[in-house]
Amino acid sequence: MQQPMNILAEEVKQGPVRVYGLQGHSSFLSINLPDEMLHEGEVFGYQEKFYQVRSVLKDAEDYFCLNVNSIVEAV
């Protein structure tokens with residue numbers, strides 16, 4: 001008898017990060033993102049828009065802070 005496969009080989013950590021540059025928000029917005037998204041150049045979707053991470057910093061309160069740009073597709 002075969003044992004069921006564990007689909008998730010490694011658990012992905014998720015934690016709140018402060019994201020600056022989201023359209024419609026004048027300050028940061030705290031959202032949960034997996035650790036693998038905390039790198040420059042990564043792309044993620046939020047509220048039907050796509051953003052690219054431009055910089056990653058850690059503030060005095062030990063929060064990760066992401067500066068992002070929205071991605072606009074040419075039609």
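The protein contains five strands and zero helices, in a model that is predicted. Read from the N terminus, its elements follow the order β-β-β-β-β. Of its 75 residues, 23% are buried.

- Of the contacts between residues at least 6 apart in sequence, 27% link residues at least 24 apart.

**Strand pairing and hairpins**

- Strand β3, residues 43-46, runs antiparallel to strand β4, residues 49-58, and four bridges join the two.
- Within this pairing, Val 43 has Gln 52 of β4 as its bridge partner.
- The hairpin of β3 and β4 has two residues between the strands, and Gln 47 adopts a positive phi near 50° there.
- Strand β4 also pairs with strand β5, residues 64-70, in the antiparallel sense, here over seven bridges.
- Tyr 51 stands opposite Ser 70, a residue of β5.
- Five residues lie between the strands in the hairpin of β4 and β5, where Asp 62 has a positive phi near 70°.

**The nonpolar core**

- The largest nonpolar core has twelve residues in all: Val 17, Val 19, Leu 22, Ile 31, Leu 33, Met 37, Leu 38, Phe 44, Tyr 51, Val 53, Leu 66 and Val 68.
- At least two residues of this core come from each of β1 (14-20), β2 (29-34), β4 and β5.
- Leu 38, one of the core residues, is in contact with Val 17, Val 56, Phe 64 and Leu 66 when neighbours within four places in sequence are left aside.

**Leu 66 in strand β5**

- Leu 66 belongs to strand β5 and is also a member of the largest nonpolar core.
- The relative accessible area of Leu 66 is 0%, so this residue is buried.
- Leaving aside neighbours within four places in sequence, Leu 66 is in contact with Val 17, Arg 18, Val 19, Tyr 20, Leu 33, Leu 38, Val 53, Ser 55 and Val 56.
- The C-alpha atoms of Leu 66 and Gln 52 are 9.6 Å apart in space, while the two residues are 14 residues apart in sequence.

**Ser 55 in strand β4**

- Ser 55 is a residue of strand β4.
- Its side chain makes a polar contact of 2.8 Å with the side chain of Asn 67.
- Not counting residues up to four places away in sequence, Ser 55 touches Glu 40, Cys 65, Leu 66 and Asn 67.

**Salt bridges**

- Side chains of opposite charge can pair when their charged atoms come close.
- Three salt bridges are found in a search of the whole structure.
- One of them joins the side chains of Asp 59 and Arg 18, at 3.0 Å from N to O. Because Asp 59 lies in the loop between β4 and β5 and Arg 18 in strand β1, this pair ties together parts that are 41 residues apart in sequence.
- Arg 18 has a relative accessible area of 12% and is therefore buried, whereas Asp 59, at 24%, is partly exposed.
- Arg 18 also forms a salt bridge with Glu 61, where the closest N and O atoms are 3.0 Å apart. Glu 61 lies in the loop between β4 and β5 and Arg 18 in strand β1, so the pair connects parts that are 43 residues apart in sequence.
- Glu 61 has a relative accessibility of 54% and so counts as exposed.
- Lys 58 and Asp 62 form a salt bridge as well, with their closest N and O atoms 3.5 Å apart.
- With a relative accessibility of 49%, Lys 58 counts as partly exposed, while Asp 62 is exposed, with a relative accessible area of 54%.

Key:
Residues numbered from 1 in each chain as written. Predicted model: local features only at pLDDT ≥ 70, side-chain atom pairs only at ≥ 80, totals over all residues. Heavy atoms only, no water. Pairing = 2+ DSSP bridges. Core = buried A, V, L, I, M, F, W, Y, C linked by side-chain atoms within 4.5 Å. Buried < 20%, exposed > 50% of the residue type's maximum accessible area, 1.4 Å probe, protein only. Contact = heavy atoms within 4.5 Å. Polar contact = N/O pair within 3.5 Å; in protein donor to acceptor, adjacent residues only side chain to side chain. Salt bridge = Lys/Arg side-chain N within 4 Å of Asp/Glu carboxyl O.
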